[in-house]
Amino acid sequence: MDARIVTALVVVVAVPTVLAGYILLGERLIGLVPEKRREGVRPWIWVAPALLLVFSFLVLPTVVTIGASFFNKFGKQFIGLSNYQYFFSSGDTLVALRNSFIWLVLLTVFVVVGGLITAVLFDRVRYEVVAKSLIFLPLAISFVGAGVVWNFMFDYEPPGTTQIGTLNGIQQLVGAGPTWFTGPVGAPANTVWLVLVATWIWTGFAMVILSAALKGISPELLEAARVDGANEGQVFRGITLPLLMPTIAVVATTMIITALKAFDIVYVMTGGNYDTDILALQMYKQLFNFGQPGRAAAVATVLVLLIIPVMVVNIRRFRAQEAIR
């Protein structure tokens, strides 16, 4: 039987059947529980599949990966912290760690500031929908596609030859020499150019989120401040920005996590060459290029450890907001 027909049957028949069966079985199990305890048991019955999926696809792989980081490349001999010792002593991994921090800081700042500026400015123009659509459009492009597009933008040819890259072509028109934007000269400046590509993609996301929060601010509140004599700068600093801070924190958290797991753009544009490597790409190389799953697991564990503080701060902030509500 054709695999597509089997897949269709599974989706159309098997999934609803299993769901209906689980509902009937769940209600049957709840009926066996003493009545005074049913209200406490029922939520756990319905959340059990979700917890099972989270455990199977998130918790268990994380535990297995952390465990693999303490074994050799064959996964049979326990070598303790040797993989972590390699991580913190190898020049390649330290460059990747440095560049990941550059990504973390610059991508977060560029996207938040760019999204805030565009949200505030385009909120005041008649062609708001068109302008915001153009800024948001790059997010619809895959990261691999964006990397290919910007490879043409950054393309470099030796001096004295025709420049086919857009930016170097403009420089050639005005009589300036070509620049190897993503090349080995001036690292880590080449990493900054890669961050700008990611900024081009993600600014629209930040703009949409911040624009929605901006429209949620009471116009009467802003007008009252203007009536009291505040200029636009004072209104923005004293009212608009403080009210946007929770939303800015959400966008910043998203960008921090995005920066730490960045992979596609660097892989497509430089392959990690010329000192542009980052942690996610280094993990990929250790596993598939060098055949070192233990070292790859160590890099993955370091990535998890870097993300955990961000998530803890974010969870505490959400709890504080819920307490205020």
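**Entry 1: Pro-138**

I looked up the burial of Pro-138 and found a relative accessibility of 7%, which counts as buried; buried means under 20% relative accessible area, exposed over 50%, and partly exposed in between (1.4 Å probe, protein chains only). I worked on a predicted model, in which local features need pLDDT of at least 70, side-chain atom pairs count only at pLDDT 80 or more, and totals for chains, interfaces and linings use all residues. Residues are numbered from 1 along each chain as its sequence is written, and side-chain values use heavy atoms, with hydrogens and water left out.

I located Pro-138 in the loop between H5 and helix H6 (143-154). Helices (H or I, at least four residues) and strands (E, at least two) are DSSP runs, numbered from the N terminus. Setting aside residues up to four places away in sequence, I found that Pro-138 touches Trp-200 and Ile-201; contact means heavy atoms within 4.5 Å. I also checked Gly-204, which is 66 residues from Pro-138 along the chain, and the C-alpha atoms of the two are separated by 7.5 Å.

**Entry 2: Glu-128**

I then turned to helix H5 (residues 128-136), where Glu-128 is found. Is Glu-128 buried or exposed? I read a relative accessible area of 16% for Glu-128, so this residue is buried.

I next listed the partners of Glu-128. Its side chain is joined to that of Lys-132 by a polar contact of 2.6 Å. A polar contact is a pair of N or O atoms within 3.5 Å; within protein, one must be able to donate a hydrogen and the other to accept it, and residues adjacent in sequence count only if both atoms are side-chain atoms. With neighbours within four places in sequence left aside, Glu-128 is in contact with Phe-122, Asp-123, Ser-211 and Lys-215.

**Entry 3: Thr-93**

I placed Thr-93 in helix H4 (residues 91-122). Its relative accessibility is 1%, so I recorded Thr-93 as buried. Which backbone oxygen lies 2.5 Å from a polar atom of the side chain of Thr-93? I identified the oxygen as that of Phe-87.

**Entry 4: Tyr-274 and Asp-275**

I inspected the loop between helix H11 (264-269) and helix H12 (279-289), which holds Tyr-274. Asp-275 lies in the loop between H11 and H12 as well. Phi of Tyr-274 is near 60°, a positive value in a residue other than glycine. For Asp-275 I likewise noted a positive phi, near 60°, in a residue that is not glycine. Most residues other than glycine have a negative phi. I classed Tyr-274 as partly exposed because its relative accessibility is 35%; Asp-275, at 42%, also counts as partly exposed.

**Entry 5: Two long separations**

I located Leu-173 in helix H7 (residues 166-173) and found this residue exposed, at 76% relative accessibility. Leu-173 and Ala-300 are 127 residues apart in sequence, and I read 46 Å between their C-alpha atoms.

I located Gly-40 in helix H2 (residues 38-68) and recorded this glycine as partly exposed, at 46% relative accessibility.

**Entry 6: The chain as a whole**

I counted 13 helices and zero strands in the chain. How does the radius of gyration stand against the globule rule? The chain has 26 Å, whereas a compact globule of 325 residues would have a value near 20 Å; the radius is taken over C-alpha atoms, and the rule is 2.2 Å times the number of residues to the power 0.38. The C-alpha trace spans about 85 × 70 × 50 Å along its principal axes.

I noted that 34% of the 325 residues count as buried. Among contacts in the chain with a separation of 6 or more, 63% come from residues 24 or more positions apart. The accessible surface comes to about 19300 Å², of which 70% belongs to carbon and sulfur atoms; the areas come from the Shrake-Rupley method with a 1.4 Å probe, and for residues only the protein chains shown count as cover.
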